[in-house]
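Here is a walk through one protein model and the ligand placed in it.

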Amino acid sequence: MADYYLAVDLGASGGRLILGHVEGGKLLLEEVHRFSNAPQRRDGSLIWDVDLIFSEITGGLEKCAGWIKGGPLSAGTLRSVGIDTWGVDYALVDREGELIAPVFAYRDSRTEPFFKTAIPYEELYRISGIAHQPFNTIYQVLADRAAGRFAKAEHMYQLPEYFSHRLAGNLRSKEYNEYTMASTTALVDAEKKVWSKEIFEKLDLPLRLFKPLREPPYDIGCLSAELQKKLGFNARVVMIASHDTASAVATVKEGSLYISSGTWSLLGITGDPVLSGAAREAGYTNEGAHNGRIRFLKNIMGLWVIQSVRHELGDAHSFEELEALAREAGKTAPAGWTIDLNLPQFFAPSSMIAEIKAEYRRLGQKAPETPGELAYSVYTSLANCYKIAIADLENITGRTYPAISVIGGGSKNSYLNALTAEYAGKPVYAGPAEATAAGNILLQMKAAEDPAVKSGFADLVRNSFDIKEFSY
Ligand code: ADP
Ligand code: LRH
């Protein structure tokens, strides 16, 4: 009887439920359910429809029930479920366990008045090591406090905690905040790995809403009685490295340079915290890793840019088509035809295409016009951002990294992988595309003391995934 684990991986652009089990020394992943995700605009705010997302999760669990009765799972046991999501966002819940709506999405502009004024940034970085970004939880918390949203709040649930406790039916009782996700808030001391007393006191924030930090994995219960009745099965609910990037990075060999390529491109290494002025000025951040180490990485605007372009083109092209069109456009594109995609205007523009064109014009360059030119300009500009971020990283750490591991959905883009290798002058190893789900499952296996991860994750990961090499 094989042990199965279910990863619920919620990205800003899409969610999926993926089952994992070990067979013949390999971690095999099987997709049970996939759905698209996006924040919604309501009354001028950008919010997550958490009920809709939760119904997708339970819908996926119902499909699992089918897999258990006579399906591939009938020969095994579903041990646990683990949920990861994008970083920084949270849900406020009152004493009765009721959600205090809405759940804001991180591209909402409500943080703007608080972004620059909260605390001198040098000081904040020295403690939290978190890069200066308008979406950081710290600015969201300040905006919520100013709006009086804390009056009835009892708990600050990081989003994976909210969905996990909702699955377990215990939204009223919460003992911890999961460390990797908490590390994205800019409220945690990067070295001590606790909520920073200094930051909370300086900003007079309500520490009562925040629970002690706990490193993953840990168990928070089993599926609620109501869900068990509906589904006809039970499973433990485990808090894994619930920040999606932390789960993804759990699949990468320690010390390697990685790009977790999805809605964002997270480029960095895992090691010790780096809180220097050089790290701060280069926009590097220090987030918690699954193994108590630090993910020292930079947020690069990522495939959000092509997602937005694609949407503005009426969703007429698949990502595969855009890749093929970009490849074609690249044959005749001017040399060095790049822009800095990390500029703030690309974070939440009303028209991504208009902003891209405006930036090319500002630089006195020809603006991309066709879908192929637009896609090419995005991919080549991303590759150039990677090149610059790697040069900064190598300067800051005084190390040279021989290769790049590209993981996440974006690793399926062979053209971007080839451009990345060319710009960085390093080979790219691409895959797994479902690194986040794989990392999520590895942490569940650790919680279950599964013998396949007894000596760590590296061997199992090496045996399990087809990694494509792109030379330069
Ligand atoms: P998220 O951060 O939202 O979880 P994913 O890791 O799912 O993102 O990656 C989504 C991105 O992966 C898409 O925006 C797209 O650019 C890229 N992608 C997904 N599938 C393909 C494909 N078949 N070919 C090229 N790119 C792809
Ligand atoms: C990627 C990600 C990233 C965060 C951002 C908000 O999905 O979690 O690591 O910075 O979303």
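**Ligand 1 and the two domains**

The shell around ligand 1 takes at least three residues from domain 1 (2–239) and at least three from domain 2 (252–431). The model is a predicted one, and the bounds of these two domains come from the domain assignment of the protein.

Which residues come nearest to ligand 1? Among the 17 residues around the ligand, these are Gly11, Ser13, Gly262, Thr263 and Gly409. Two elements, α11 (304–312) and α12 (319–330), each give two or more residues to the shell. Of the elements, α12 gives the most, with three residues. By residue class, the shell around ligand 1 holds 10 polar residues, four nonpolar ones and three charged ones.

The C-alpha centres of domain 1 and domain 2 are 26 Å apart. Contacts between them involve 19 residues of domain 1 and 19 residues of domain 2. On the side of domain 1 that touches domain 2, α3 (121–128) and α6 (179–182) supply at least two residues each. The residues on that side of domain 1 comprise eight polar, seven nonpolar and four charged.

The last stop is strand β19, which covers residues 404–407. Are the residues of this strand buried or exposed? Ile404, Ser405, Val406 and Ile407 are all buried.

Strand β19 has two pairing partners to look at here, β15 and β20. With β15 (residues 257–261), the pairing is parallel and runs over four bridges. In this pairing, tyrosine 258 stands opposite serine 405 of β19. With β20 (residues 428–430), the pairing is also parallel, and there are three bridges between β19 and β20. Here isoleucine 404 is the residue that stands opposite valine 428 in β20.

What lies between β19 and β20 in the β-α-β unit that they make? The helix of this unit is α15 (residues 414–424), and the unit made by β19, α15 and β20 is right-handed.

Definitions and conventions:
Residues numbered from 1 in each chain as written. Chains lettered and ligands numbered in written order. Predicted model: local features only at pLDDT ≥ 70, side-chain atom pairs only at ≥ 80, totals over all residues. Buried ≥ 20, exposed ≤ 12 C-beta atoms within 10 Å, placed from the backbone. Pairing = 2+ DSSP bridges. Right-handed = clockwise from strand over helix to strand, strands pointing away. Domains from an automatic or database assignment. Contact = placed C-beta atoms within 7 Å. Nonpolar A, V, L, I, M, F, W, Y, C, P; charged D, E, K, R; others polar. Near = placed C-beta within 6 Å.
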